Amino acid sequence: MTDHRIPLAGVIGHPVAHSRSPKLHGHWLKAHGLSGHYIPMDVAPADLETVLRALPKAGFVGANITVPHKEAALRLSDHAADRASVIGAANTLVFREDGSIHADNTDGYGFMANLRSGAPDWVPQDGPAVVFGAGGAARAVLWALADAGVPEIMLTNRTSNRADHLKEEFGQRITVVDWVQAGNVVENAELVVNTTSLGMQGQPELRVPLDGLQPGTVVTDLVYTPLKTRLLRTAEEAGCTTVDGLGMLLHQAVPGFERWFGLRPEVDEDARAAALA
């Protein structure tokens, strides 16, 4: 039997009104003349399982998952990609024809694709990376950096027990650095990554001393509101190569769109403009 239903997808979060994903996927659908819709869905944690089980019956082919549901979505899935299991969270779900849910995590892929696009001269094997933060986003970044062959990752977080926990999971390549010492390790880094919400609009600034930044170091911030955070402005003034966080959002969306709508979209200036609109 041929399925004539228009494919539906969306992003599930709580809250979700701020998400830029509907604008991005809507742009790609329109640009390629594809039939399909992508909508924001605000779902309370208590309702997540009910909603996920119902969506395939309503013609949904998949969904993106954002805060606070990424860990729960992985637990509720029937199958998971290896990288989602290692990261411990899912951001991309595919609903199969039998109603089963396949979980993936494309955050690490999106992070790395953004980095390679914005800093093509960066060589992972050349030296250590410094990572600020030990939350869900940090897990995806650690997986991506280890997978790319970064020899040492210096991880620092305001509460050290979360960083210690990640070291136990991700192994010997990670060195935990006390938060008050964070400024001292950036001078030897080839790459500096902020995975915290510090510096985001409405959040406190990232207060780590940055005077040790060296010209040529690659600095990237997962925060993209504002696009140019204080970290990126300071790094630019120090002669660093800077990569903003919007590209990670764009690149992590590509594999899901391809699975749901059958076409691999381009991350270009039009896509950036659509996400920022």
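**Close-up A: the contact of α5 with α10.** Asp-107, Tyr-109, Gly-110, Phe-111, Ala-113, Asn-114 and Ser-117 in α5 meet Gly-247, Met-248, His-251, Gln-252 and Pro-255 in α10, where contact means heavy atoms within 4.5 Å. This is a predicted model, in which local features need pLDDT of at least 70 and side-chain atom pairs count only at pLDDT 80 or more, while totals for chains, interfaces and linings use all residues. Residues are numbered from 1 along each chain as its sequence is written, and side-chain values use heavy atoms, with hydrogens and water left out. Helices (H or I, at least four residues) and strands (E, at least two) are DSSP runs numbered from the N terminus. The axes of helix α5 (residues 107-118) and α10 come within 7 Å and cross at roughly 125°; axes are lines fitted to C-alpha atoms, for helices over the stretch in contact, and angles run from 0 to 180 degrees between N-to-C directions. That makes α5 oblique to α10; angles under 35 degrees count as roughly parallel, over 145 as roughly antiparallel, 65 to 115 as roughly perpendicular and the rest as oblique. The crossing of this pair, α5 and α10, is right-handed (left-handed if the near helix is turned anticlockwise from the far one by less than a right angle, right-handed if clockwise). Sorted by class, the residues of the contact of α5 with α10 are five nonpolar, six polar and one charged. Here Ala, Val, Leu, Ile, Met, Phe, Trp, Tyr, Cys and Pro count as nonpolar, Asp, Glu, Lys and Arg as charged, and the others, Gly among them, as polar.

**Close-up B: α1 against α10.** The axes of α1 and α10 come within 11 Å, crossing at roughly 50°. The two helices, α1 and α10, are therefore oblique to each other, and α1 passes α10 in a right-handed crossing. On the α1 side you will find Ser-21, Leu-24, His-25, Trp-28 and Leu-29; on the α10 side, Leu-249, Leu-250, Ala-253, Val-254, Phe-257, Trp-260 and Phe-261. The contact of α1 with α10 has ten nonpolar, two polar and no charged residues.

**Close-up C: α1 against α11.** Helix α1 (residues 21-31) packs with α11 at an angle of about 135°, and their axes are 7 Å apart. α1 and α11 are therefore oblique to each other, with a right-handed crossing. Lys-23, Leu-24, His-27 and Trp-28 of α1 make the contact with Asp-270, Ala-271, Ala-274 and Ala-275 of α11. The residues of this contact of α1 with α11 divide into five nonpolar, one polar and two charged.

**Close-up D: Arg-272 and its surroundings.** Arg-272 sits in helix α11 (residues 269-276). Its side chain makes a polar contact with the side chain of Asp-244 at 2.8 Å; a polar contact is a pair of N or O atoms within 3.5 Å, where within protein one must be able to donate a hydrogen and the other to accept it, and residues adjacent in sequence count only if both atoms are side-chain atoms. Apart from neighbours within four places in sequence, Arg-272 is in contact with Leu-227, Asp-244, Leu-246, Gly-247 and Leu-250.

Close-up E: Six strands form an open sheet, ordered β2-β1-β3-β5-β6-β4, with mixed pairing (two strands pair if DSSP finds at least two bridges between them). The edge strands, β2 (37-42) and β4 (79-80), each pair on one side only. Strand β1 (residues 8-13) and strand β3 (residues 60-65) pair in the parallel sense over five bridges, and the bridge partner of Val-11 in β3 is Asn-64. Lying across β1, β2 and β3, α1 runs at about 170° to β2. Helix α10 (residues 246-261) also packs on the sheet, touching β1, β2, β3, β5 (92-95) and β6 (101-104), and its direction makes about 5° with that of β5.

Close-up G: Strand β7 (residues 129-132) pairs with strand β10 (residues 191-194) in the parallel sense over four bridges; in β10, Leu-191 is the bridge partner of Ala-129.
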